[in-house]
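Thank you all for making the time this morning. I would like to walk through one structure with you, taking a few places in turn, so please have a look at it before I go on.

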Amino acid sequence: MRFSHLFVLLTQALATPTPRSNVLSQVVSKRDVGKLPKNFILANFGDSYSAGIGAGTFWQGQSPDAGRNNKCARMAGSVPAVLGDTYKDNMEEQLFMSCSGDVMKDLDNQVKLMLGTRPQVATLSISGNDFNFGNVVLFMDGRLLLTILEKNCVYAKRQWLDTEAAAQGRCDQEIQKSQNAINDNSKWAEYESKLHLILDALDDQGGLLYITNYAKFFATDMSDTDACAQATFFKTGWVNSLYGILKMNKNNRQTINNLVQQVNQKMSASIDNVKNGLPASREIVPIDIDPLFEGHRFCEPNNDPWGSDDDRVFFYDLSSTLEANSGWDGLTGDDLWAPEPPEKDSDGLVRPSWDNFQQASVFHPKKAAYLQILSAIQNNLGGRFSDVDPNPSGTNIHVNKGCIVINDSIRCQDGDAYNVAHGRWPTSKATFYAKFPGDNTVDYMVTPGCELHADIPANYGDMYFGEDNCLYDSGGNKVLDQCCQNQGTTQVLNPYFDHLFGPRVPCGPGTDSDSLAQAVGQQCVRIWADHNAGGGGWVAQFKPQSPNNCDGTCWPWPAGYGGIEAIGDGTYGTNCATYSDLNCQNQIGSTGNAVEHHPAVLKDSEGLGHSVKCFFHC
C-alpha cells in the first residue's frame, strides 16, 4: 500500500507590520507543513492483498466503484475497510478501488474510476499477481480446482500415473517463471510508472501514499523433518489421498520465501527511485509488513502447521472457515487469485475446498494480520491531522511599504490586499517576490532581489508583508518565522514599471488638450481605461513609433484598457493594434490608419486590452 503526502509553498516581498484586526482568533503556533486536513479523502488501490479477499464479510461501503464490491472481493476486514471505519469522522469520502485479480496495468482503470476526485491519502498493495505468486502457491490456472490444475506447486494435484518427482518438476517450472518475472527490469519500470500515476492523481496541494509489500509465507525456522516436510498442503483425509502429491519440504519453502524477499527488495529499490524525484508536496511511506508476520506464518514449530482457523497463523489455507456466507461473483482473468465467474461457488458459512472464493482466499492474510498492518499505518498516520479550521474567506495579505509581487499579482502599500483562498488544508501556498529597485521604471520584467516560498496558515484572516521582508500577523508577530531572503531566480513583473508611460515618449507640447491640431510632430496615441475613446477622460498618451520604423514595440498594459485613439499629423497616419494578452500575441482589434483622429473602442465581449503596438508613417 502507499500514500503520498502534499505540502505547501509560498513566496514573499516588503513592509513593516501595521497592526490590524485579525478575522480569526485561533492561531497556528507551529509550522503545519505535512499536516493533513481535518476532512480528507482516502483512496485505496491494488490487488487482492489490498481488497482483502477472505477477510470477513463483503464490504458494503460506498465508493465510485461500489457496484463491483462483490466482484472485486472487497472485504470488511481488509486494511482499506477498517482504515476507513477508523477515520470515518475525519473522512469526507473513501475511494475503495482495490480489486482482487488486478495487475499493475489495471491501476490505470482504478485511477480513472475516481472520476477526477483527488485524494489526500492513499494506500497501495500491488504486484503479487505480476510475479506469478498465484501459480506458485495455488493449484489452478485462473479456473476451478479439479478442472485445470496444471502449473501447481503448494497445492499440487496428483495427475494420472504421477510421481512426486514429476510434481516437483512442475513446481520448479512455476518457481522459475516467478524468478524470470522478478528479474525482468521492464516489470519494475512499469511499477515505478504506476507509482507516478497514483502520485499524480493525488491532491495538488498535498498527498500521502502508503505502500505495503509482502510477507514470507513460511516460518524461517524449518527442517527436513518438521510437520510440513512430511505432508502436502491438502493435509489429511480423502482430498489429500486423492490429490496430494507434493510435500512442502524445506527447500521448497525456502525457495518460495526467497521469491517474496526478492520482490520486497526490488520494490524497495523502485520506491527509493521514485522518492528521490518527488516534490515537497508528495510523500511515500513504505510499510514493511514482513516483520509483522514473524511467528505467524505457515509451518511455525510450535503451532498447528497450517493453522486453518488459528489466528496465530496469519494466512488462510484451503480448510479455513471464511465468514462470508454469500456467493461471490468472481472475476475473469489469467491470474490465479482471480478465478473466473462461479460455475462452482457456494452460499453458506462452510465452503467446500472446490469453492471459488475458498480457493482464491488461500495464502491471503487473515483479519488478524490486517489489523497488524493497519496498526503500522496508523502509527504513522495518526499524528498527521491538523486541528485548524480554514477561514472560508481566505487570508488577506497586506503590504506595509513599497510594492511586491505575490504569485503573479502586483501589490503595493495602501492598495488592495491579495487574497489567498484556502481549501481543506491547514496551510496554503503562495510565492512572494520583493526587494525590487524602485527607480527602475523602464523594464517590464525584472529579477527580484528575493524570493520566498511561504506557508499561509489557513485560519488567518489577515497577514502583513513588512518593511523587513518578513510575514507578520495582526499583532506584529512573525508568522512561522518566514522572511524573504533568498535571491530571486526568475523574472517577474516589475511592480515599479511605469504602466502609464514607462519609456514611451510623451506626445509633446500642446498635446494635453482634448482636441489636437494635426500638425507635424503632433502624432499621438491616447488610452482610455474604460470602454470609451475620443474627447476627454483619457488616462495616458504617448507618441507612436518613429517614422518608417514599422516593426513595432509591444507596450504591456497590465491594468487593462477599454479604448484607444490613434492620431496622425495630418499628412501621415498612426495605426494601433490591440491585444488581449501582455505580450502582443492575441490581437483583438485595430484602429486602422488614422491621418487625423481615429478612436477605437473595444467591445464588451472582447474584454480589456492588455498590450498594444502603434506605428506612424508605415
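Let me begin with serine 428, which lies in strand β10, the strand made of residues 427-434. Please keep in mind throughout that this is a predicted model. Is serine 428 buried or exposed? Its relative accessibility is 3%, and because buried means under 20%, serine 428 counts as buried.

Now to another serine, and to a helix. Serine 78 caps the N-terminal end of helix α2, with a side-chain oxygen that lies 3.3 Å from the backbone nitrogen of alanine 81.

Finally, I turn to a sheet. Four strands form an open sheet in the order β19-β24-β21-β22, and their pairing is antiparallel. The edges are taken by β19 (555-561) and β22 (587-590), each of which has a single partner strand, so one side of each is left without a neighbour in the sheet. On average, and ignoring direction, neighbouring strands of this sheet are turned by 30° against each other. Looking at one pair within it, β21 (residues 574-579) and β22 run antiparallel and are joined by three bridges, and here alanine 577 stands opposite serine 590 of β22.

Conventions
Residues numbered from 1 in each chain as written. Predicted model: local features only at pLDDT ≥ 70, side-chain atom pairs only at ≥ 80, totals over all residues. Heavy atoms only, no water. Polar contact = N/O pair within 3.5 Å; in protein donor to acceptor, adjacent residues only side chain to side chain. Helix = DSSP H or I, 4+ residues; strand = E, 2+ residues; numbered from the N terminus. Pairing = 2+ DSSP bridges. Axes fitted to C-alpha atoms, helices over the stretch in contact; angles between N-to-C directions. Buried < 20%, exposed > 50% of the residue type's maximum accessible area, 1.4 Å probe, protein only.
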